[in-house]
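Try each task on your own, then follow the solution step by step.

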There are 2 protein chains.
Amino acid sequence: MLSFAEENYLKAIYHLSEQTGESVSTNAIADTLNTKAASVTDMIKRLSGKGILSYQKYKGVQVSEKGRKAALQVIRKHRLWETFLVEKLKFNWDEVHDVAEQLEHIKSPLLIRRLDEFLAYPKYDPHGDPIPDENGEYKSKPQVPVSSCDVGRSVIVVSVQDDSPEFLQYLDKIGTYIGAKIRILDKVGFDGSMEVQIDNKKTVFISREVSENIWVTD
Amino acid sequence: MLSFAEENYLKAIYHLSEQTGESVSTNAIADTLNTKAASVTDMIKRLSGKGILSYQKYKGVQVSEKGRKAALQVIRKHRLWETFLVEKLKFNWDEVHDVAEQLEHIKSPLLIRRLDEFLAYPKYDPHGDPIPDENGEYKSKPQVPVSSCDVGRSVIVVSVQDDSPEFLQYLDKIGTYIGAKIRILDKVGFDGSMEVQIDNKKTVFISREVSENIWVTD
DNA sequence: AAAAATTTTTAGATTAGACTAAATGGTATA
DNA sequence: TATACCATTTAGTCTAATCTAAAAATTTTT
Ligand SMILES: [Mn+2]
Ligand SMILES: [Mn+2]
Ligand SMILES: [Mn+2]
Ligand SMILES: [Mn+2]
């Protein structure tokens, strides 16, 4: 049984290892969790002891198979709760993440099974992220960042890679949502910003940072 | 902001003070929480420091107005979650308490407001206990324990005073539920047990302990 | 390849919350 | 009123999770 803190470390490390593919550094973990490297060293020793991570001094950590399974269950709970908050309790997509950070640590297999059933087995959460099933299996839709799309193309928003309220409220403001159509009008070489039209309506300039966090498909 | 442990102590102390009316002893708290008296002394010092309890050495504690308000909010959350689990996720009434013990500590005023709305502002939880509103107000139905009812009377079950799975499963077995009709057939002076008929069907003997934990109205 | 810079680990301290054992206060009883 | 008994508090220890400062390992620069 993992503690809240252990689950939070595991989740962060799992996400980092997915992004990079390589072993995860102490500092990278400290940065994403807003803790100090010394605290991370302590915790990764504890998690290695539990067989969740494999770890060699000064060489970073890797998530074990057992760790991967555990991480996916926490992610499953996080995303199911986010879906519940939006679908049933009428939360906006920018209001759910912090509450889900708490709810994801509730321990009750029955609760999660019933919640999943109540939501009719959703496959994606309000941010377009896939929800793993009880066995940790999930399917991501093929998708690329808007930043990599050529001028002239029309694409559909599939997911957002940042679930901070600031980013999501900005997307609300420019009329972007999961399923919205985005037409690429122009690319500015200088700073990588783009001119796009959303749902055949508003035409806006979006920064490189924004275009990297909106993922789309044809 | 109270920690999980602080909220659990507060809730236990509040319930004890409601039962007895008087100031609550260190040992009574230790007993209900399955901790040691020394741990309780530590915690009640901390809670006094926060203005939640008033405390004089060797004289027990009392819950302050601030403490009462906080306790009722935790109780509100506990009972709303129990109601959610039964009404929406099809939990049986004996399965909800332990999960609600976890869920009651989630911090999000919006979540609780929306949950209350989603459940259509329920007044009573699955065990017949009243659910305080946002201001801590609630109305209990007039009720007495079956043990105090005279032979020959017919009464309706309003609440149960014990929410352990063991007790609730026993009630399921003898066909008793909130709203069930109980007719008092006989009282045994020797051990205080009673013979009762439930919903004009099953006739059973219930122990004094059971009859004290089923509360009823005419 | 040596020096410098950076990353990581270790050592030691702190806080919340728990425990055991010992000391102390309060109450009942002879 | 002295003694015994029980309740409560204090003192000291432990673990999880955090921190700072210092030491050690690794990586980058010269
Ligand atoms: Mn999230
Ligand atoms: Mn999400
Ligand atoms: Mn309960
Ligand atoms: Mn209840």
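**Before you start.** This is a predicted model, in which local features need pLDDT of at least 70 and side-chain atom pairs count only at pLDDT 80 or more, while totals for chains, interfaces and linings use all residues. Residues are numbered from 1 along each chain as its sequence is written, chains are lettered from A and ligands numbered from 1 in the order in which they are written, and side-chain values use heavy atoms, with hydrogens and water left out.

**Exercise 1.** Find which residues coordinate the manganese ion (ligand 1).

*Solution.* 
- Step 1: Look for donors, which are N, O and S atoms within 2.8 Å of the metal (3.2 Å for Na, K and Ca); water is not among the atoms, so sites may look incomplete.
- Step 2: Around the manganese ion (ligand 1) you find His78(A) through NE2, Glu82(A) through OE, His97(A) through ND1 and Asp163(A) through OD, at 2.1 to 2.6 Å.
- Step 3: Along the chain, these donors show the spacing H-x3-E-x14-H-x65-D.
- Step 4: Now place two of them. His97(A) sits in helix 5 (residues 97-103) of chain A, and Asp163(A) in the loop between strand 4 (154-160) and helix 7 (165-173) of chain A, so this pair ties together parts that are 66 residues apart in sequence. Helices (H or I, at least four residues) and strands (E, at least two) are DSSP runs, numbered from the N terminus.
- Step 5: Check the accessibility of Asp163(A): with a relative accessible area of 23%, Asp163(A) is partly exposed. Buried means under 20%, exposed over 50%, and partly exposed in between (1.4 Å probe, protein chains only).

**Exercise 2.** Work out which residue bridges the manganese ion (ligand 2) and the manganese ion (ligand 1).

*Solution.* 
- Step 1: List the protein donors of the manganese ion (ligand 2): Glu82(A) (OE), Asp125(A) (OD) and His127(A) (ND1), at 2.2 to 2.3 Å.
- Step 2: Their spacing in sequence is E-x42-D-x1-H.
- Step 3: Glu82(A) coordinates both ions, and these lie 3.5 Å apart.
- Step 4: Glu82(A) belongs to helix 4 of chain A, and His127(A) to the loop between helix 6 (109-118) and strand 3 (144-145) of chain A, so the pair joins parts that are 45 residues apart in sequence.
- Step 5: Glu82(A) is buried, at 0% relative accessibility, and His127(A) is buried at 0% too.

**Exercise 3.** Describe the site of the manganese ion (ligand 3) in chain B.

*Solution.* 
- Step 1: The protein donors are His78(B) (NE2), Glu82(B) (OE), His97(B) (ND1) and Asp163(B) (OD), lying 2.1 to 2.6 Å from the ion.
- Step 2: The donor residues follow H-x3-E-x14-H-x65-D.
- Step 3: Glu82(B) also coordinates the manganese ion (ligand 4), 3.5 Å from the manganese ion (ligand 3).
- Step 4: His78(B) and Glu82(B) are four residues apart in helix 4 of chain B, which means that about one helical turn separates them. Both are buried.

**Exercise 4.** How do helix 1 and helix 4 of chain A pack?

*Solution.* 
- Step 1: Two packed helices are described by the angle between their axes and the distance between the axes. Axes are lines fitted to C-alpha atoms, for helices over the stretch in contact, and angles run from 0 to 180 degrees between N-to-C directions.
- Step 2: For helix 1 (residues 4-20) and helix 4 (residues 65-87) of chain A, the angle is about 100° and the axes are 9 Å apart.
- Step 3: The two helices of chain A are therefore roughly perpendicular (65 to 115 degrees; under 35 is roughly parallel, over 145 roughly antiparallel, and the rest oblique).

**Exercise 5.** Which residues does Leu85(A) touch, not counting residues up to four places away in sequence?

*Solution.* 
- Step 1: Leu85(A) is located in helix 4 of chain A and is buried, with a relative accessible area of 0%.
- Step 2: Using contact (heavy atoms within 4.5 Å), and with that sequence limit, Leu85(A) touches Lys90(A), Phe91(A), Val96(A), Val99(A) and Leu111(B).

**Exercise 6.** How many residues of chain A are in contact with chain B?

*Solution.* 
- Step 1: 21 residues of chain A are in contact with 21 residues of chain B.
- Step 2: The chains bury about 1700 Å² between them, 74% of it on carbon and sulfur atoms. Buried area is the accessible area (1.4 Å probe) that two parts lose on being put together, summed over both.
- Step 3: Leu89(A), Gln102(A) and Arg114(A) supply 28% of the area that chain A buries against chain B, more than any other three residues.
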